[in-house]
Amino acid sequence: MRRPALVVLVIDDEVRIRRFLRAGFELEAFIVQEAATGAEGIRAATLKPVDLVIVDLELPDMDGAEIVERLRSWSKVPIIVLSVRASEEEKVRLLELGADDYVVKPFGMAELLARARAALRRQAPGHQADPVVRAGSLTVDLAARTVSVDGRPIGLSPKEYRLLQVLAQHAGNVVTHLHLLREVWGSAHSDDAHYLRIFVRKLRQKIEKDPTQPRILTTELGVGYRLSIDGG
Amino acid sequence: MDNAIHVPTAQWRRRAVELVRSKWDATHLGPIAVSLLIVAAVTALLFVAGPLLDLDHAAFGYLIPVIIAATRWGATPAIVSGLAGLAASAFFFYPPIYDIRVYNPAHVADLILFVVVAVVTGQLANKVREHVKAARQREEEMKALYFFSRRLAVASSPADIHAAIQDHVSAITGCRVALFAAGMAHSPPEASPQWSHMPGEIQRAILDIFHGRSNGREAPLLDRKTGASWLIRTLSQRNALVGIQAIELGSVSRQSIDAIRRRVDTALAEATATLERIDVAHAIGEARVRSEAETLREALIGSVSHELRTPLASILGSTSVLSQASGVAQDARLSSLVDVIRDETERLSNDIQNLLDASRISSAGVQAHLAWTEPSDIVNAALARLQRRLEAHHIDPRLAGDLPLVRVDAVLVEQALSQIIDNAAKYSPPGTTIAIDARAVDATVEIAVTDEGPGLTADEQTRLFQRFYRGPRHQAAVKGSGLGLWIARAFVVASGGHLEATSKGAGRGATVTIHLPAPTPAQVDALESSDA
């Protein structure tokens, strides 16, 4: 099945970054639109429908958070943020505002494409029809509420399943600690980060081959967790 | 008081009453009682010794209590002892004895002479006392002024200077003082944390001065609610308003207010003179420049980081696209060239990050965001980051499965661990093993990185974590800035842990261990509740 080419909007003030992103996306058969400022980017997104937005955190005219907020006010388009190291709080803030994922500069094209594909998959029409998420040896059937490893069903406690379910719904993309705490334990427990650590450990013991070197349920330090669909 | 003649009699009387009232301060009662006791003691002594010594001029014995009272407690107790002495000598020692009357002209002359001598010595003694008191107070004030100038000299911000002025006036007057900065560059007094403690009337008076509607008031203001009196004084330098002071005098009589007011005005005059001398406006300016320079430095570091990192990100991104391109991917020589560009750019990018981290550590210190963290997550993140640079080595992570959670800044500790592992890979020959052990020891988790490299000499072991230190044995062979382990230590320490390096000696490998705090469940609960 051949879908029509996807349109990606790149909002970055650095012409050299835009140039390599254009090359990288065009190699993967995307149609690339460029914007050098936040205002230009938002205008471009409203004029023509786009399938994916790549936005730099540090733009001259607009805060990355503002762009995410304004795009999210009317669109569910997947947004990937280009961020710098040592700004974990900023990343968490943008993810909470509705960005789908981030990559840290300097990054490779393969990493960005993996994040983008995961976000696109969730937004793609017909995604709802396929309730089965596969990550390495793990299979989560969101409709039947069953979990199996290497084809063998495994039993999870309700909280463990809920945790895995939220991660599977965002498979391939990062989910923040706060988001997980809210979804699994309720907003009253948003400060109880050690619950989350303990349940992640329990879950890893059930789904990972080596829980001390997880390949499926991976950690983004200071940000959250990711169900790595391209993991081993 | 030269206009006193024109004052009507009623007013005179009131003044006299006020004067007596002010002299009859309750604080005088104690000394007067003691003075009377001394008079009684002298009387008893004279009574016993009189017949033996045949004292003719007994009255002069009473000069002793007068002088004691005058030197120790001032005029009022001295006058009282003088009068008591006069009465006692007339009653006990001058015939008719046990009668207050005195008939003998010689005795009358004796008593008059006593009164004259008592008044003169009393006054002299009192004056000496006042001098001593004034000198002592002067010394205290000099001390306060000296302390004040010293604080002004080391002040590093306008706020420090204002706090110094406030404390100084408060120390000199013994009153509660609030100073509100004034002048164009300052925020309005409402922004001050002290503002809410001011009564409404005082707030209005301060605002009037701040907005130039008034020049400040001489007379004290009364807070009707508490009955406390307040003085508002302005502090200016070279005719420019520097601050507005509100001084709470408490509920005191009008006379005490006048006395305190004089003291406040003197203290303010002294403070102003000191401020003139050290040029407070200049000092405030200097302090501001210092903080601006710091901000500028931060901005510079930020922009340099952006300027350098953006091109590097473009290069790395471009190589990642290049390596995927069909023409390159299929040609081993071309793809190895792309790999060289990528590896070298990554190294450069790391070096820049190190410089930025080092500058951040020494300028602003490290802000750690402590959170519960799975220790193995830290190790895995570091190994994932270094994946390509560790390809030549055999990596052996040995992580215990049941490690307690650590409460650290995971991002900082991961960067520290990456530095340590990277260092191990840099200094140990390809093909050797780098072991990473994570284990729980008491209330800590240790992450130890052991290599099979050249090891550490005793000297290297002690200097390993110093800034810019590079082992003399490797300077030529291995590239590096000598910042890595110094940064690693700063990051680990900021997370509440510490670093340790051991070696069996030169040529026998080295172990660098990160010790991280892992509070026990009881401590966990305490920490969680304290966080709430």
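Q: What percentage of the 232 residues of chain A count as buried?

A: A residue is buried if 20 or more other C-beta atoms lie within 10 Å of its own, exposed if 12 or fewer, and partly exposed in between, with C-beta atoms placed from the backbone. By that count, 42% of the 232 residues of chain A are buried. The model is predicted: local features need pLDDT of at least 70, side-chain atom pairs count only at pLDDT 80 or more, and totals for chains, interfaces and linings use all residues. Residues are numbered from 1 along each chain as its sequence is written, while chains are lettered from A and ligands numbered from 1 in the order in which they are written.

Q: How many helices and strands are there in chain A?

A: Helices (H or I, at least four residues) and strands (E, at least two) are DSSP runs, numbered from the N terminus. Chain A has eight helices and twelve strands.

Q: In what order do the five strands of the open sheet in chain A stand?

A: Strands of a sheet pair through backbone hydrogen bonds, either parallel or antiparallel. Two strands pair here if DSSP finds at least two bridges between them. In chain A the order is S2-S1-S3-S4-S5, and the pairing is parallel. Strand S2 (31-35) and strand S5 (101-104) of chain A are at the edges with a single partner strand each, so one side of each has no neighbour in the sheet. From one strand to the next, the twist averages 20 degrees; such angles run from 0 to 180 degrees between N-to-C directions, and axes are lines fitted to C-alpha atoms, for helices over the stretch in contact.

Q: How many bridges join strand S3 to strand S4 of chain A?

A: Strand S3 (residues 52-56) and strand S4 (residues 79-83) of chain A run parallel and are joined by four bridges. Opposite Val55(A) stands Val81(A) in S4(A).

Q: Which strands of the sheet does H1(A) touch?

A: Two residues are in contact if their C-beta atoms, placed from the backbone, lie within 7 Å. H1(A) packs on the sheet and touches strand S1 (7-11), S2 and S3 of chain A, its direction making about 165 degrees with that of S2(A).

Q: At what angle do helix H6 and helix H7 of chain A pack?

A: Two packed helices are described by the angle between their axes and the distance between the axes. For helix H6 (residues 158-169) and helix H7 (residues 177-185) of chain A, the angle is about 135 degrees and the axes are 9 Å apart. That makes H6(A) oblique to H7(A), since angles under 35 degrees count as roughly parallel, over 145 as roughly antiparallel, 65 to 115 as roughly perpendicular and the rest as oblique. Lys159(A), Arg162(A), Leu163(A) and Val166(A) in H6(A) meet Leu180(A), Glu183(A) and Val184(A) in H7(A).

Q: How many residues of chain A are in contact with chain B?

A: The contact involves 28 residues of chain A and 32 residues of chain B. On the chain A side, helix H1 (15-27), helix H5 (109-123) and helix H8 (193-207) each supply at least two residues. H1(A) gives the most, with six residues.

Q: Where is Ala29(A) found, and is this residue buried or exposed?

A: Ala29(A) is in the loop between H1 and S2 of chain A. Its phi is near 70 degrees, a positive value in a residue other than glycine. Ala29(A) counts as exposed because it has 10 C-beta neighbours inside 10 Å.
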